[in-house]
Amino acid sequence: MSSEEFKPFALELYPENLFQRLAVGDLFGATESALEIDLGCGDGRFLQAMAEHFPQSNYLGIERLLGRVRKVCRRSERAGLKNVRALRLETTYAVEWLLPRACAQRVHLLFPDPWPKKKHHKRRLMAQPEFLKSVADLLEEGGEFLFKTDHEEYFEVAQEAAEICPYFKVLDWPEDAFFYAETDFERQWKEVGRRIQGLRLLKTSV
Ligand SMILES: C[S@@+](CC[C@H](N)C(=O)[O-])C[C@H]1O[C@@H](n2cnc3c(N)ncnc32)[C@H](O)[C@@H]1O
């Protein structure tokens, strides 16, 4: 392993204490800018394109694979982006225990692992009521949670979960509603003709 692999990236977040909830200022410093969080950001194509398109907002990617986190940081640093950070951590831990409450204007979960085998269905994030509650806690009032998948059955499960979830209201999401960058996986699935479906969920005040 070269010494370069140990070199911290300026855009990678290294929380000092993983057992204490972060403050908003720990993410991007003192700022009034809106925050968007991409859960399972992969190589970060979406994150980078959004950060370029909306330079006034901040973009945090959460990803468990080190190589992908480093790629996000390397690419964003090369592109001169100051509004991107990546955190190497497991999504549910970050959402439930580490990230500040009511900090994000939008949270994105794009093409998460669909766990197709029946014995693994309980690992699907959207099928876990406590996960949806944690995402709602992460959002500001009026914040939105956006989900996309190419997996027909996972979409149906997610839609049902969203419809009965007291913390969200399902909104229409026409293609031209707003600029929304393509992800790496979305591009791959579109190339092979897979149908992409999405959910746009508005946090409700309960
Ligand atoms: C299918 S890929 C999609 C990546 C990206 N969102 C896209 O659409 O191109 C799923 C990503 O989520 C990451 N991932 C899966 N489970 C995770 C978890 N529990 N915590 C953090 N990242 C996770 C994987 O490492 C992978 O990069």
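Residues are numbered from 1 along each chain as its sequence is written. In this predicted model, local features need pLDDT of at least 70, side-chain atom pairs count only at pLDDT 80 or more, totals for chains, interfaces and linings use all residues, and side-chain values use heavy atoms, with hydrogens and water left out.

**Exercise 1. Determine the strand order of the open sheet of 7 strands, and explain why one side of E3 and of E6 has no neighbour in the sheet.**

Step 1. Helices (H or I, at least four residues) and strands (E, at least two) are DSSP runs numbered from the N terminus, and two strands pair if DSSP finds at least two bridges between them.

Step 2. The order is E3-E2-E1-E4-E5-E7-E6, with mixed pairing.

Step 3. Strand E3 (84-88) and strand E6 (168-171) stand at the edges with a single partner strand each, so one side of each is left without a neighbour in the sheet. From one strand to the next, the twist averages 20°.

**Exercise 2. Check the length of helix H3 (residues 66-78), then find which of its residues are buried.**

Step 1. The expected span is 1.5 Å times one less than the number of residues; the 13 residues of H3 should therefore span 18 Å, which agrees with the 18 Å between its end C-alpha atoms.

Step 2. With buried meaning under 20% relative accessible area, exposed over 50% and partly exposed in between (1.4 Å probe, protein chains only), the buried residues of H3 are Val69, Arg70, Val72, Cys73 and Ser76.

Step 3. Seen down the helix axis, these buried residues fall within an arc of 155° (taken from the directions from the axis to the C-beta atoms), so they line one face of H3.

Step 4. The buried residues of H3 pack against H2, E2 and E3, contact meaning heavy atoms within 4.5 Å, whereas the face turned away carries the exposed residues Gly67 and Arg78.

**Exercise 3. Identify which residues touch the most other members of the largest nonpolar core.**

Step 1. A nonpolar core is a set of buried Ala, Val, Leu, Ile, Met, Phe, Trp, Tyr and Cys residues joined through side-chain atoms within 4.5 Å.

How values were computed:
Axes fitted to C-alpha atoms, helices over the stretch in contact; angles between N-to-C directions.
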